[in-house]
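Good morning, and thank you for coming.

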Amino acid sequence: MSEGIWTNMTPHIANKKSNRDVDESSDTFDAIEWLLKNVPHHNGRVGQSGISYPGFYSSAGSIDAHPALKAVSPQAPIADVFWDDFHHNGVFTQGYFWNLPIFGTGPNKPTETDWYTLFDKPTPDAYDFYKRGGTLKQLGDKYYKDNFLWKELTEHPNYDSFWQSRRIVKHMRNLKPAYLVVGGWFDAEDLYGVLTTYKEIERNNPGVYNVITMGPFGHGDWSQEDGHHKHHQLYWGDSLGTFYQKI
Amino acid sequence: MAMLIVRVDKKDKKMGFFNNMQDRPIQSSEWKTYSIEGKIDEEADSLFFGAICVNNGSFYFDDFILQIETGSGNWQTISLPNTDFEKNTLTDKLPENWKPFYNTSPKFGYSFTSTNTYKGSYSLKVTGKEIEDNAGMNTYLRLQSFVKNNYNKNEYQITMRDGIKIYTIVYTPKDASAINTYPMMLNRTPYSIAPYGKDKYNGFIGPSETMIKEKYFCTPVSGADI
């Protein structure tokens with residue numbers, strides 16, 4: 001439903017020279033400015049939260065923030081996609097191979113329905129799929145010739161300027177809002193993002209209100225109550241999501 | 001709770017028309033007629049219709065009808081086998097001529113009843129039991145009805161400084177006024193912020209039930225552009 005071209009982890013532009021220089025920080029600023037002017041009966045205070053990619057948008061939107069943005073909660077955020085999420089400690093996270101169409105194709109125009117098509121898995125058994133699939137290069141050639149994220153991942157195997165420019169936490173300086181960083185110890189996407197986000201805010205912004213809370217959860221699982229909270233065979237208790245949200 | 005579902009798959013393997021009554025799940029225990037109406041995509045390859053059962057309990061279905069509008073106001077009924085469940089036999093544990101949409105859960109059983117029917121001699125009875133993981137769905141429905149009762153929904157296209165328009169939904173507390181103001185919470189996302197449409201309400205409009213109930217302007221913003 002939105003216009004524009006999707007970019008994975010939009011690099012932050014520190015010195016914006018024109019209205020063409022836009023990033024998540026400027027888009028968040030512009031959205032807040034418009035909403036405060038056009039939606040009546042708010043109290044002038046704005047917060048932002050989000051889980052996973054929206055966690056990254058919460059971090060990015062809080063840089064050079066609109067003065068009305070008072071509180072920000074990056075939850076399971078991506079901090080630097082070379083070290084977390086699609087990579088784990090710099091190594092491509094092979095388990096996400098199937099999900100690449102979501103992030104490496106369109107949408108190039110507003111849409112109400114899914115813009116991506118996941119390929120039909122020849123077998124539901126991931127181990128068997130990779131064993132039969134040959135090398136990663138062979139798999140990529142077979143499924144993702146037109147996938148721009150696959151192109152980016154394979155053209156930049158090292159921590160070069162392409163990835164460095166996507167490290168949002170290095171721009172998290174001179175921050176003004178208060179921060180509540182939220183994560184789960186069983187997050188496969190993974191712990192680097194949430195811990196690095198908290199650490200970098202703390203290190204580079206003395207005096208800013210910055211707290212972190214971590215619980216026995218998978219990726220974003222605290223946000224939706226699942227009743228009987230389990231990780232595989234480990235049972236942690238009932239109604240933990242609700243309890244966690246309250247604290 | 002149950003929903004009817006209609007899905008069109010296109011030749012390019014993308015999904016076309018889709019409706020699963022997410023915004024109006026069936027919770028009544030009376031016999032009622034529910035319908036889903038939509039446009040079959042031009043590149044349609046296949047059309048699925050059926051029902052989703054959620055949680056424990058008994059679910060009764062009868063007399064599914066597929067109609068295609070051939071001319072303005074002219075609805076032609078497509079004849080399909082056993083949509084009225086009059087063949088009261090099971091094949092591979094399912095009613096004849098019906099297939100599982102994804103996987104059928106072993107926690108749901110199928111049988112036929114002649115004591116509670118809408119039409120004809122039999123209706124299909126689906127029984128869900130020993131399902132313990134549906135707290136999420138119950139929370140969603142409880143919140144969806146809270147949101148409908150306590151918030152107004154508006155949709156906007158907000159123009160960024162570079163001219164790009166960003167689609168934004170704002171849920172406003174109904175009792176917001178000049179003297180009763182609320183803060184605003186953004187959730188910016190590259191994913192969908194469905195359901196779309198002024199009258200279609202989401203249940204999880206905020207980070208937690210506590211916050212949704214305390215009320216504030218919930219503002220999901222879609223589309224992260226550069």
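I begin with A:Tyr159, which has a relative accessible area of 25% and is therefore partly exposed. Please bear in mind that this model is predicted.

Which residue pairs with A:Tyr159? The partner is A:Phe82, and the two rings form a tilted aromatic pair, with 5.2 Å from centre to centre and 35 degrees between the planes. A:Phe82 lies in the loop between β2 and β3 of chain A, and A:Tyr159 in the loop between α6 and α7, so the pair ties together parts that are 77 residues apart in sequence. A:Phe82 has a relative accessibility of 5%, so this residue counts as buried.

I turn now to a second pair. Is A:Phe103 buried or exposed? At 10% relative accessibility, A:Phe103 counts as buried, while B:Tyr191, at 30%, is partly exposed.

Over all chains, the structure holds 35 aromatic pairs. There is also an aromatic cluster in chain A, whose members include A:Phe92, A:Trp98, A:Tyr143 and A:Trp150.

Finally, I come to charged side chains placed over rings. A:Arg166 lies over the face of A:Phe162, at 3.8 Å from the ring centre. In chain B, B:Arg7 lies over the face of B:Phe48, at 5.0 Å from the ring centre.

Thank you for your attention.

Definitions and conventions
Residues are numbered from 1 along each chain as its sequence is written. Chains are lettered from A and ligands numbered from 1 in the order in which they are written. This is a predicted model: local features need pLDDT of at least 70, side-chain atom pairs count only at pLDDT 80 or more; totals for chains, interfaces and linings use all residues. Side-chain values use heavy atoms; hydrogens and water are left out. Rings of Phe, Tyr and Trp (its six-membered ring) pair if their centres lie within 6.5 Å; planes under 30 degrees apart count as stacked, over 60 as edge-to-face and the rest as tilted. Helices (H or I, at least four residues) and strands (E, at least two) are DSSP runs, numbered from the N terminus. Buried means under 20% relative accessible area, exposed over 50%, partly exposed in between (1.4 Å probe, protein chains only). A charge sits over a ring if NZ of Lys or CZ of Arg is within 6 Å of the ring centre and within 35 degrees of the ring normal.
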